[in-house]
Amino acid sequence: DEKTAARPEGKNDVGDAGGEYFRMWVSTLVGQGKRDKFRQTLKELDAHPLASLWKDTDSKRRLKAELAFALDDASLAVHTLKELAKDHPDDWEYVTRVIELTYDEAKDKDKWVESTLAWIDTIRNGTQDTEGKAAEPEPGAEAKTKTKTTTTSTGPKALIRGPYLAEVHVYAHAVRNTNREGEAGRREALVRGMEAKLVEYYKRFGSKVCVFSDTKSYLKDLGGRGQETIALVEALRNAAASAYAPGTAKGVMADIAIKKAERFLGMEKNLTPEQLCTLAGSYVSKYLDTLPLVKGLKETERGPGDDYLLLAAHQLLQASEAEKKKKGAAGRPPRARACATRWSWWSCACITPSTTFRPSCS
């Protein structure tokens, strides 16, 4: 009726309906899977009278990038993805697709590394820490929405991980696409650049619970190099130690991230069962030392040292497997022996005087 039409929300309803109609029409064209329909859709995304009513500009731009890619228009795809990345610098899909698409098109791969790193620097948009240190949210900030904050020399600073990890990805993508034999010198230079960015990442974000999973695929690229891999782990450890005080929650979580990297890179694979059990015991001790840090946390909240117990469990399982290989199939079945070993360890942790056993529920 006239009253409804006169209300602002009435106008919005009409606009929303027009935008939804346009979106569905575009989806129908794309769903036909034909190149001529892709071209028509790409044109209509800007030219159609109802196009402006589709308010979800991110979805519209994503579709434009996908269509451009399907039509082999790499230039338009990259341009659109860069616009998206500028507005959402922590969105991993946008940034990595730009990296991979531009690499394929680049003739001079060395200049590509420089120009791509420069572009990543521009999309940070004030999220850099001007003091060059690992910036963390103030207490309680985790519960707030993830709002990008312009960095100042004073007050809270917010860092988003995406652009910094993207710098590692630039080098990793180049390394993975460089001939190991024919371009050995160039590849080695790229590996050194990748290591430097990885060390910087651990310095900035080493206390994040996700830092190991963030970097796992890149660590895999850098493993199996003997002393060079050992030197990398040492550099990661020193970087984290310089940024996070030992004995603090952040220091504990950074130490755990390094321990995970060490294990993932195979630095414990040659330890004897006895050495593995000793290492597991040290991790249990480290966990017990972190118990004062869990005061004030709910029973369901993750304690900073909880993953020491997971690391210890891995050592004991590895020790059990090594013992099985050493002694053969005699005695109890390997699975039962492993379970017995773990149960003995859990029991020791539980009955330690003056401590409370807090398994991770995360």
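Trainee: Why is arginine 61 called buried?
Mentor: This is a predicted model, and the areas are computed from it. Arginine 61 has a relative accessible area of 16%. Buried means under 20%, so arginine 61 counts as buried.

Trainee: What makes arginine 61 and aspartate 87 a salt bridge?
Mentor: The closest N and O atoms of arginine 61 and aspartate 87 are 2.9 Å apart. The rule asks for a side-chain nitrogen of Lys or Arg within 4 Å of a carboxyl oxygen of Asp or Glu, so the pair qualifies. Because arginine 61 lies in helix H4 and aspartate 87 in helix H5 (residues 74-87), the pair ties together parts that are 26 residues apart in sequence.

Trainee: Why is aspartate 87 called partly exposed?
Mentor: Its relative accessibility is 43%.

Trainee: Which salt bridge does aspartate 58 form?
Mentor: Aspartate 58 pairs with arginine 61, and their closest N and O atoms are 2.7 Å apart. Both residues sit in helix H4 (residues 57-70), three residues apart, about one turn of the helix. Aspartate 58 is buried, as is arginine 61.

Trainee: How do you know that aspartate 255 and lysine 286 form a salt bridge?
Mentor: Their side chains meet at 3.9 Å, N to O. The limit is 4 Å, so the pair counts. Aspartate 255 is in helix H12 (residues 249-264) and lysine 286 in helix H13 (residues 273-289), 31 residues apart, and the pair links these distant parts of the chain. Lysine 286 is partly exposed, with a relative accessible area of 32%.

Trainee: How many salt bridges are there by this rule?
Mentor: The count comes to 21. Some share partners, and these join Asp121, Arg124, Glu167, Lys197, Glu200 and Arg204 into one network.

Trainee: What makes glutamate 195 buried?
Mentor: Its relative accessibility is 17%, and the cut-off is under 20%, so glutamate 195 counts as buried. Glutamate 195 is in helix H9 (residues 184-205). Leaving out residues up to four places away in sequence, glutamate 195 touches Leu222, Arg225, Glu228 and Leu232.

Trainee: Which residues touch the most other members of the largest nonpolar core?
Mentor: In this core of 48 residues, they are Trp112, Val113, Met194, Leu198, Tyr202 and Leu219. Helix H8 (residues 162-176) gives the most to this core, with nine residues.

Conventions: Residues numbered from 1 in each chain as written. Predicted model: local features only at pLDDT ≥ 70, side-chain atom pairs only at ≥ 80, totals over all residues. Heavy atoms only, no water. Core = buried A, V, L, I, M, F, W, Y, C linked by side-chain atoms within 4.5 Å. Buried < 20%, exposed > 50% of the residue type's maximum accessible area, 1.4 Å probe, protein only. Helix = DSSP H or I, 4+ residues; strand = E, 2+ residues; numbered from the N terminus. Contact = heavy atoms within 4.5 Å.
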